[in-house]
Structure formats: structure tokens, C-alpha cells
Amino acid sequence: MTQKSVVVVDYGMGNVLSVCRAFENQGANVVLTGQAGEIAGAERLILPGVGAFGDCMKALEERELVEPILEFVRSERPFLGICVGMQILLEIGEEFGEHPGLGLIPGRVVKIDTTLSDGSTRKIPHIGWTAIAPPAEANGNRWTTSMFGETVPRTPFYFVHSFTARPTNAADVLAVADYAGATVTAAVRRDNVTGVQFHPEKSGAAGLAALRRFVAM
Amino acid sequence: MRTVRLIARLDIKAPNLIKGIHLEGLRVIGDPNVYARRYYEQGADELIYMDIVASLYERNSLTDIVEKATRNVFVPLTVGGGVRSVEDARKLLASGADKVGVNTAAVRRPALISEIAQRFGSQAVVLSIEAKRSGPAQWEAYTDNGREHTGLDVVTWAKRATELGAGEILLTSVDQEGTRKGFDVALVRAVTDVVSIPVIASGGMGKIDHLMEVIRDGHADAVAMADVLHYNRTTLDAIRREVLAFDAPVRRVA
């Protein structure tokens, strides 16, 4: 069997080492690069991201990587955005003012509501292990044919975030999580584009299983 | 509902994993990577590495160990010891750490907490406090493994650090550390009562009852363990199963 190949976008945002190591651990050949040609021509593309929405978009623009990423997505090969790399798939981010995203998934990225139903304060950022599950209106085999094919619903993953994606179309939401009574979007999917809010590379065996499935897609 | 994290703590005197009592009388345990991997495989929610001599000798020795850990440990890593600047923090984060721990340098110059938080986010800054009981319901913060006084009241310092942008507090009881006699539950409670950020209780874990106490009465958000794991008295997966049987709010690992 030939080794599966994964290209990780290097644009100076986030703990890319851990992402690379997690894919290597699952037997993938990993290329970390900021080269437009390698990104557009990848077999599978991973967009990590840590920091603010606007900073991540700015870093991609400065390195002229927006178009190579969009070109890759048009190829219909598997794409995965992680954390802020998932958030910038949407149209608009509201962190430190409004910023345009890649617009691959209609919707906005908004701050998690800090007020609990009893009026007390919800701690932000949401940090820690939280269970993910398909949204209530989920239908058919969307979950099992995604990177969560080996994931039992209610499995906890490791999250660190203050903002959450609000896709316009419910059909684009692949997984949700309940953080102290607030529903946050844990994963989005539209065609070949998948995004996860949590860190699969930091979510132990469950995270590695999801990455393994992604590599097999 | 909160989920209490079970954390394996590895104190390092490079290149070895070491363990002391009251943070002193250090004994070599072995290769940190072997232990890190074992705790990961047992289902640790996170790992903490503390280079316990870095601030004494003014050097960093952890980056190699952390870089190695990223090959086979896939949970969050907090790394501290000798972090004196934003650049020190950047190096640790680039070598695979998710959060950096600060103590001595932050006591000397509290603005360091804000500087690291502004650059990398509050979630990346863990303030390590070495607390010694100084009177009834009173604790003083120490540095250099419980040797150097700071004159800072632990509760006041914890509040101040929260305002400066710390994302988490690693609260080690020097009195209880390495004794296996249980956590200083009153200390943990005194801090969790006044700060809005998560508090990791450290020092004194000997048996399951201790863990249940510090979760229930201390309101700990996370618990760090060292001694009880290093000497193989029990394993993290056994601990998790036992506290789950008492309905403790910890992560269920498949």
C-alpha cells in the first residue's frame, strides 16, 4: 500500500509541530510547507491555526496563500481546517472587529455567550475535554462517512477557544458540543471541506482515530 | 458540569525525571519520555513538565525533552522552569508545548504574565505557585523549589496573576509535596474561591480519598500527580476508574 500524503500549511500560526507528529503517528507522509504550488497540488491539505481570526487571514494573505488554498478546495480533494483554521472557512469572523474569512462555508464566527441561563458567568475561553455529537437534526450517514467514522458520539475531545462557528445552513454542521449549556460547533463539513474546532492532535486516542479516518478519505 | 482533569506531573532535572519530598532531596526516577509515554497511554488528560533547576542555573533544558514527547504524546503539554521572557515562551511553544509555566521570573516582574498572554493568549500561560503554610488559613508563595521567600500572600498573588492575564494556576503545596499524605485542601479552596481561572491542585496525592477530597472540598479544576504514578503505586487508568465509580466529574476514556 502506498503511503498517504498530507500537506500542512505553514504560515506562522499555531503549534504545527504537534499536528505534523499526529499525522506521522498515523502513518502519513507529512509535508509542512508555505509554498503555493505544494499547497494547491496537495493530496490532502491541513490548515491549522491558533490566535485571532483576523491575524490568521492576514498571515495567509501576506504569504499569498489564499488563492492556492481555494484552488486546492476546487480540486475536491480532502481538506481539514483545525481550530482557527476551521473558523476562517466561514464568511465573517467577529473577533476584534469584523474580518472576512475564506467564505467556503456560509455563516459567521461569533463569541461564545458568556452569560449562563441562571445569569451567572460562563468561563471563556472554553478549555478542556468536551463530548462531541452529531446535531439533533442530523440525518443519514453523514457522521459515519466523515472523519468520525470510528468515533462513538459523546466522545470527548480537547478544545481551546472563545469563538464558535455559526453556519447559515444547518446541513453544514457535522458535530456540536455542549459547553456549560452553550451549544458550540465542534465540526463543520461541506463536500470535501471539513473543519474541527477542537484539537485532534491533542485529543489522545480519539483524536488520532479521527485523523486516521481523515487520511483514509 | 465541569470536567476535572487528571494530570501527570514530571519534574525534570535534565536529562532525568526526578522526584523529591517537599520539592527537595531529589531522586532520579528515569527517562522522562518513557514515563510520559506510559502516562499518555494510561489516559492522562494532560502532562506537566517542570524543569526544577532551570531557574537556579539560569538555563533552559526542556526543549529537547518536549520535542521528543511530541512524537508519542498526543495530549496538551504544559512546560515550565526558567521561563524569563516572551522569547523563552515562544521557544517552548515552538518545540511542542501548548502552555508555559512561569514562577520565579513572574514574581520578579509580574508584567511577564501579561506579555506572554498578549502574545500567545491567556490559555498559554500557567502561573506556578509554590505555597507554604505561614499561619492559620495563610500561605506564602515561594520560588526555587520552596527555598526562596517572596513575601507574597498566595491568595493575593493568585488574584493579581489572574488580572494580569494568567490562564491557569498550578498550585503546589510545598508542605504536602512528596508526602503522600493528601492535598492541602484548605489552600486549594482558598484560591479556587477567589479566582475565575482553573486551578490545578498539586502535592500530596497518596490515595483515592485524597483525590476525592480535593475535587469535592477544594473545588480543584484539575489534579496533578507525580509520586503516586512514578513509583507505580497505581496507574492513571485505575485512578480514573475508581473516581468514576464515586461519580467524580472526570473524562470517560474508552
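**View 1. R241(B) is partly exposed, with 14 other C-beta atoms within 10 Å.** This is a predicted model, as are the views that follow. You'll find R241(B) in helix 11 of chain B.

**View 2. Helix 9 and helix 11 of chain B cross at an angle of about 60°.** Here we stay with the helix that carries R241(B). Helix 9 covers residues 208-216 and helix 11 covers residues 236-245, and their axes are 10 Å apart. The two helices are therefore oblique to each other, and their crossing is right-handed. On the helix 9 side, the contact is made by I208(B), L211(B) and M212(B), while helix 11 brings I239(B), E242(B) and V243(B). Sort those residues by class and you get five nonpolar, no polar and one charged.

**View 3. Helix 4 and helix 6 of chain B make a crossing of roughly 45°.** The axes of helix 4 (residues 86-94) and helix 6 (residues 111-120) come within 9 Å. Helix 4 of chain B and helix 6 of chain B are therefore oblique to each other, and this crossing is right-handed. Look for V86(B), A89(B) and L93(B) on helix 4, where they meet E115(B), I116(B), R119(B) and F120(B) of helix 6. That contact splits into five nonpolar, no polar and two charged residues.

**View 4. The largest nonpolar core has 156 residues.** The residues with the most contacts inside this core are L47(B), Y49(B), V100(B), I169(B), L171(B) and V223(B). Take I169(B) and skip its neighbours within four places in sequence: the contacts that remain are L127(B), I129(B), A158(B), A161(B), V191(B), V195(B), I197(B), V199(B) and I200(B).

**View 5. Chain A meets chain B through 20 residues of chain A and 15 residues of chain B.** On the chain A side, at least two residues each come from helix 1 (16-25), strand 8 (126-133), strand 9 (155-161) and helix 6 (204-216). The chain A residues that touch chain B divide into ten nonpolar, six polar and four charged.

**View 6. T2(A) sits in the segment before strand 1 (5-9) of chain A.** T2(A) counts as exposed, because it has 5 C-beta neighbours inside 10 Å. In sequence, T2(A) and A28(A) are 26 residues apart, and in space their C-alpha atoms are 9.8 Å apart.

**View 7. A180(A) has a positive phi, near 45°, without being a glycine.** Look for A180(A) in the loop between strand 11 (173-179) and strand 12 (182-190) of chain A. With 18 C-beta neighbours inside 10 Å, A180(A) counts as partly exposed.

**View 8. D144(B) also isn't a glycine, and its phi is positive, near 55°.** Its spot is the loop between strand 8 (138-143) and strand 9 (148-153) of chain B. D144(B) counts as partly exposed, because it has 16 C-beta neighbours inside 10 Å.

**View 9. A cis peptide bond runs from A14(B) to P15(B).** The omega angle of this bond is near 5°. P15(B) belongs to the loop between strand 1 (5-13) and strand 2 (16-21) of chain B.

Methods. Residues numbered from 1 in each chain as written. Chains lettered and ligands numbered in written order. Predicted model: local features only at pLDDT ≥ 70, side-chain atom pairs only at ≥ 80, totals over all residues. Axes fitted to C-alpha atoms, helices over the stretch in contact; angles between N-to-C directions. Helix = DSSP H or I, 4+ residues; strand = E, 2+ residues; numbered from the N terminus. Parallel < 35°, antiparallel > 145°, perpendicular 65-115°, else oblique. Left-handed = near helix turned anticlockwise from the far one by under 90°. Contact = placed C-beta atoms within 7 Å. Nonpolar A, V, L, I, M, F, W, Y, C, P; charged D, E, K, R; others polar. Core = buried A, V, L, I, M, F, W, Y, C linked by C-beta atoms within 7 Å. Buried ≥ 20, exposed ≤ 12 C-beta atoms within 10 Å, placed from the backbone.
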